[in-house]
Amino acid sequence: MKFNKVEICGINTSRLKVLKESEKMRLLALAHSGDKAAREELISGNLKLVLSVIQRFSGRNENPDDLFQVGCIGLIKAIDNFDVSQEVKFSTYAVPMIIGEIRRYLRDNNPIRVSRSLRDTAYHAMQVKEQLTGKTQREPTVEEIADEMKVKKETVVMALEAVVDPVSLYEPVYSDGGDTIYVMDQIGDSNSDENWIDEILMRQAIEELSDREKFILNLRFIQGKTQMEVAKEVGISQAQVSRLEKGAIGKIKEH
């Protein structure tokens, strides 16, 4: 499926405009304040996003018009629920919403029979997932979904696996000409975001230390030397080493 040739629902996709991120944020703010024209412009300005997502489902022999319309429902949900106060790109939030809507449609039309109770549990889990995503502006963990549903984590995993087809973690789901969003970008554990953010902040804080402070921290925590050994190597007293070490750690914590 190529954008410059495909026509879906009477739309010439080669003429679809793509909004800049700053324009999306402006229109989202207007739409959330009740501006219907801004909401319509947002929908039309993100149709290529929907087309990008439905391409990954092209091997299913599904009607692209149907997938496009279902994807648009996911797009509208994303527009209505996106929190503009969060520093998140709209496409990063909208892609899993669109995928979720399409997957629901495909599950409803899936010829493979899954037990009613398992299917109902999966549907409930997907609804809870959407609600938590809207609240936190991130993908909730299985534990969070299970806690919200008051069921075991294993129950949620079994239900969702029963109704979702396997897919490669490295399969691209969207690219706006810049960074590509892969399936693995939509998956994470409960601490993944916090871990890499902490690591970035730690590196930034260390870069702002003086050369002497960096050298002492390296000797103490990388090479594992005692304060007395550091004092001898640097040529200062142990008390000075202790004071410099505490000062450097304090700066890092403050940062």
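Which residues of helix α7 (residues 142–149) are buried? Keep that one in mind while we set up the view.

You have a predicted model open, in which local features need pLDDT of at least 70, side-chain atom pairs count only at pLDDT 80 or more, and totals for chains, interfaces and linings use all residues. Residues are numbered from 1 along each chain as its sequence is written, and side-chain values use heavy atoms, with hydrogens and water left out.

**Whole chain.** Colour by secondary structure and you will find twelve helices and four strands; these are DSSP runs numbered from the N terminus, helices being H or I with at least four residues and strands E with at least two. Of the 255 residues, 35% are buried, where buried means under 20% relative accessible area, exposed over 50% and partly exposed in between (1.4 Å probe, protein chains only).

**Helix α7.** Now select Ile145, Ala146 and Met149, the buried residues of this helix. They sit on the same side of α7, because they cover an arc of only 95° around the axis, the arc being that of the directions from the helix axis to the C-beta atoms. Step just past α7 to lysine 150, which has a positive phi of about 60°.

**Glutamate 101.** Next, go to helix α5 (residues 90–108), where glutamate 101 is found. With 10% relative accessibility, glutamate 101 counts as buried. Show its side chain together with that of lysine 77: the two make a polar contact at 3.0 Å. Such a contact is a pair of N or O atoms within 3.5 Å; within protein, one must be able to donate a hydrogen and the other to accept it, and residues adjacent in sequence count only if both atoms are side-chain atoms. Not counting residues up to four places away in sequence, glutamate 101 touches Val70, Ile73, Gly74, Lys77 and Glu130, contact meaning heavy atoms within 4.5 Å.

**Asparagine 46.** Move to the loop between α2 (36–45) and α3 (47–54), which holds asparagine 46. Its relative accessible area is 2%, so asparagine 46 is buried.

Finally, select Met202, Ile206, Lys214, Leu217, Asn218, Phe221, Ile222 and Ile252, which line the second largest pocket. A pocket here is an open set of points on a 1 Å grid over the protein atoms alone, where a 1.4 Å probe fits, with protein on both sides within 12 Å along at least five of seven lines; lining residues have an atom within 4 Å of a point. The largest share of this lining, five residues, comes from α10.
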